[in-house]
Amino acid sequence: MAWFKRDRAPFKANEDEKKVKVPEGLWTKCQNCSEVILSRDIEENLNVCPNCSFHFRVSARKRLAILLDEGTFDEHDANMVSVDFLEFKDSKSYQVRIDAAVAKGGSKDAIICGGGKLNGIPVQIGVFDFSFMGGSMGSVVGEKITRAIERGIEQHTPVIVVSASGGARMQESILSLMQMAKTSAALAKLKAEGLPFVSILTDPTTGGVTASFAMLGDINMAEPRALIGFAGPRVIEQTIRQKLPEGFQRAEYLLDHGMVDLIVERKDMKKTLGNILSMLYHR
């Protein structure tokens, strides 16, 4: 039998033809159940996994849209921005970090505050933007929360704060820590007026935010599995040299130990808030 070589090389598909181009962000892998889900399906479900009900983080603007009656939100203090008064530097200057966070376009600091209506009830509301420097609390955040509380007193309305924060902002040193006392003092005045404060704890709510206004609600509500605490679990384990209980610092653990009053899924949050305010608030 004669053997011979082909004159032409075997056909090879073009490398570009082999690749299937999938748009970036089309799919999302759930952090809880590991299911790969269309990002659009998660977004349409209020950023909650339709398979296991894991609550993804949600932007401050979307949170406001979920909670408030359409078209009623009036933002206050929108142009208030942080200042690098200490000329703080680590790997980057504080001002560079501020400018980068503002450039993302969500907000000019780590909280958005304003007035609106929730099921027809007038409220003052502040919602943390975790994408802005991890929702850290500096002078601007403390001032905006305090002003929201003061507006609640002036207008005789309830106050709601939705927290999602890594804690006090280290770049502002003691002035950041002072916001803990400042916001807590403002809430004491709100309480003296007989007006309700509802604190909603989302993932994560930690550090100086937890150690001040976030745990001072007449009602403390949390989303499922939200991380809530002062120091992180790893820091605590290293300090006390003991293994922490299963689920420690998660919302369910805090509910069992009396630190939060109820856990509410995102889809039920507005209705539950409306029911609570209708009982606590009298115009």
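Between which strand and which helix is the loop that holds valine 83 found? In this predicted model, valine 83 belongs to the loop that runs between strand E3 (74–76) and helix H4 (94–103).

**View 1. Valine 83 and a nonpolar surface patch.** Valine 83, placed in the loop between strand E3 and helix H4, has a relative accessible area of 49% and is therefore classed as partly exposed, a class that lies between the 20% and 50% limits. Together with Phe85, Leu86, Ile174, Leu175, Leu177 and Met178, Val83 makes a nonpolar surface patch of about 620 Å².

**View 2. The surroundings of histidine 55.** Histidine 55 sits in the loop that lies between helix H2 (39–44) and helix H3 (60–67), and because its relative accessibility is 8%, it counts as buried. When neighbours within four places in sequence are left aside, the residues in contact with histidine 55 are Asn47, Val48, Glu223, Pro224, Glu265 and Arg266.

**View 3. Polar atoms around the side chain of histidine 55.** The side chain of histidine 55 reaches the backbone oxygen of serine 53 at 2.9 Å, while a polar atom of that side chain lies 3.0 Å from the backbone nitrogen of arginine 266. Arginine 266 is also one of the residues listed as being in contact with histidine 55.

**View 4. The segment covering residues 30–52.** An unreviewed UniProt entry lists residues 30–52 as "zinc finger region: C4-type". Over this stretch the chain is 26% helix and 13% strand, and the C-alpha atoms at the ends of the segment are 9 Å apart.

Technical notes. Residues numbered from 1 in each chain as written. Predicted model: local features only at pLDDT ≥ 70, side-chain atom pairs only at ≥ 80, totals over all residues. Heavy atoms only, no water. UniProt positions renumbered as here; feature names shortened; annotations may be inferred. Helix = DSSP H or I, 4+ residues; strand = E, 2+ residues; numbered from the N terminus. Buried < 20%, exposed > 50% of the residue type's maximum accessible area, 1.4 Å probe, protein only. Polar contact = N/O pair within 3.5 Å; in protein donor to acceptor, adjacent residues only side chain to side chain. Contact = heavy atoms within 4.5 Å. Patch = residues over 30% accessible without salt bridge, like charges linked within 9 Å, V, L, I, M, F, W, Y side chains within 5 Å. Areas by Shrake-Rupley, 256 points an atom, 1.4 Å probe, with all protein chains shown as cover. Salt bridge = Lys/Arg side-chain N within 4 Å of Asp/Glu carboxyl O.
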